[in-house]
Amino acid sequence: MRYKITLLALFVCANGLVLKAQNSKSIDAFATLRLWYKQPAKNWDEALPIGNGRLGAMIFGRVEQELIQLNEETLWTGGPVNPNPNPEAPKYLPEVRKLLFEGRSGDASKLMRKMQGPNTNMYQPLGDVILKQVVDGTVTDYTRDLDISTAIASTRFTVNGVRYTREYFSSAPDQVMVMRLRSSKLKALNISLSLFNELEHQVVAAGSNELILKGKARIYSDERRNPKPIIYNDSLRHNGMRYQARIKVIRTDGKVSTDSLLQVSNATEILVLISGATSYNGYNVYPDLNGKDENAAALHDLKAAEKKPYLQMETAHVKDYQNYFNRLSFSINNTGKLLVDVPTDVRLANYKSGKADFGLEQLYFQFGRYLLISCSRPGGIPANLQGIWNPLIRPSWRSNFTTNINLQMNYWPAEVCNLSELTEPLITQIKHLAVNGKSTAQNYYKASGWAVHHNSDIWAQTNPVGEGTGDPKWANWSLGSPWLSQHLYEHYRFTKDKNYLKDTAYPLMKGAALFCLDWLVEKDGYLVTAPSTSPENSYILPNGNKEVVTIASTMDMSIIRDLFTNVIEAAGVLNVDKEFAAMLKTKYARLYPLHIGKKGNLQEWYGDWEDVDPQHRHVSQLFGLHPGREISPLLDSTYANAARKTLETRGDEGTGWSKAWKINFWARLLDGNHSYKMYQELLKNSTLNNLFDTHPPFQIDGNFGATAGVAEMLLQSHLGTVQLLPALPDSWKSGVVKGLVARGGFVIDLYWENHMLTKSTILSKSGGQITLQTKSPIKINGLKTESRQLKTSLGVVYQTIADTRAGVTYTLQNI
């Protein structure tokens, strides 16, 4: 890391003052991995996010009254779930199925409301830091930025010839947020700091240099359209999360004082630490009665960090962050530093008007990786609908875990984009869901295994939500456990960790399969799901009735086929449960199959019915194309063509996350140009100025889904073969991507020119055989291999099989 002596240090030496020279990281104003702006954020959607997985902040970059909005990932309303909130639910299931089999879908839908339970709890803000600075004069040379290569945000401006700099980062090694304020003139900083939260709270001073914000979250949740009285305590002191945030000036040459504000005057540099903690003590522990000591936790982090110099904290932070981020690099068309001198919001506006900006496309891809590193760390809570960033006490959709695609989409880029460890919070959450889901399966359906429905939260809620008034098209969707189990098996497919498969993934996957076996019923010789929905969508019967509940939706059956396939494979890998695997094969053969509708589309419903909204944001019937592996042009052109027709009918519009899903769909259809079109659509029409995805409002899943979609254009391995540049768009004529990961534990670098692969290196982390698929024959240096030509519905491809050894890197080239 290079450092330069600041102007302040030179000024001090010239005047003979005894003051230790300051060092600061050299700033590259033209860095390619930098979001930057010439004006402060007008609102939250323009602020810049930082986070260490647990402690997050949105930096607004305002001069005279800066706003730093804080979050801590465990601050939620409520407490542990009631495992049996609706004891009457099981008695309605037989009647619901009877009504469905009689064709009375509307009556079945009404009855299903009686099977619903409580809604989930909500993710809450930790508070706001207000930084007021006395500014006497006109502000010039203003910039604010976020360097995603170091995860450091900054604000810089000049007033009357004095340069002011503010730097921010959220450190995982030290578990605090660090803020450094500096001026180029001695004693020119005069600031105050205060804390606030919309939740119940009090602010107290601790000595002359520290403020403490402490309070409680509510004991239950509500929503903006149906607010409930705000209650922070229950009679048994069970629920209501306690929280605390501390802000402390740990080093300055100025004068510090405290009353209701933390004030610093006549300073040249101010070093501030912010810590935060809650009483969360586990998904099944009352946060008030049996919660952790949030005061001790916040104090511990602060005391440990305040002993360290700024540069030590910054160096540790950057090293920790870059351990993840630097694993992958991406360059398109030799873009280099083209347009990096243009502010990000201007670049985005120009892009929306049709101007090419490959650097922005690279930046957005890497921004998705930055966000995942910043909001999902081992030992923590999974990324919710907004990652860890939320300013509202009544956030949209409770900022919860929506399990009919959104939670899953958050983790699509993790494995392929070389961030495998960051899936640990999701895997741990699935373990919690399996515990509560076992009660839900038994208490709601008298079924084995474990079930998860549409929504969940930090308390691992698994029951059907809706509270008796929710539309069953979302509230009663019941196949969360098999879909989440896909992530369990994918982690094994990428890592080849048999101990993990044996001890963690397989038992959970088997539990989900047991639920599905009990959930399936027979109709006309097939095994079907009943009731069934295609999440959040509706259809029109020939008589004109609009319905939401069906039998054997294509999504349901595709998810179950995916689960059964994975469980059968896993049992074979582990050489266990041969009889169970054989039984699943038999059941698999009887599952209601895919159907092609009269328009050539893949049928979504039990019948070939029209959609109420043909351009609906969900495209759930294509689960088998992505994230499943049942449909591919390389497997069966009939179903692949039906999937294509479905996407053409759905159109290219939709919410941000819907467009992100379509990037992946078109990549799986090996149509790189249409996949790229959807990437452009998301950037042009569903991206905020801070590069957050918008539903609207902000949902982080679109960021993650888009990053995963770009990876799918460049590398695919879901079918067992490693496809190099399978869906490369024409616009990306040349490029380099280093560090993508294929299933089997292969880390792959790809180089291409004129749309053709020129070179690739492959690090085999686990050893074993690899089957490469390319558009031209290749050779692997040091190995005797031969490329075999295959004819597919999309033309000729070449497959090359090689045996690899663990830890060895192989180089391949076009012949």
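Let's start with strand β5, residues 55–59, which is mostly covered in this predicted model: 5 of its 5 residues are buried. In a regular strand, side chains alternate between the two faces of the sheet. Here, L55, A57 and I59 point one way from β5, while G56 and M58 point the other way. Both sets of residues are buried.

Next, look at what β5 pairs with. Strand β4, residues 48–51, runs antiparallel to β5, and 4 bridges join the two.

Now turn to strand β6, residues 65–72. Its pairing with β5 is also antiparallel, with 5 bridges between β5 and β6. A handy landmark here is L55, which stands opposite E72 in β6. The hairpin of β5 and β6 has 5 residues between the strands. Within that hairpin, G61 takes a positive phi near 75°.

Is N566 buried or exposed? Its relative accessibility is 4%, and because buried means under 20% relative accessible area, N566 counts as buried. Which residues is N566 in contact with, leaving aside its neighbours within four places in sequence? They are Q486, Y489, M509 and R629.

Terms used
Residues numbered from 1 in each chain as written. Predicted model: local features only at pLDDT ≥ 70, side-chain atom pairs only at ≥ 80, totals over all residues. Heavy atoms only, no water. Buried < 20%, exposed > 50% of the residue type's maximum accessible area, 1.4 Å probe, protein only. Pairing = 2+ DSSP bridges. Contact = heavy atoms within 4.5 Å.
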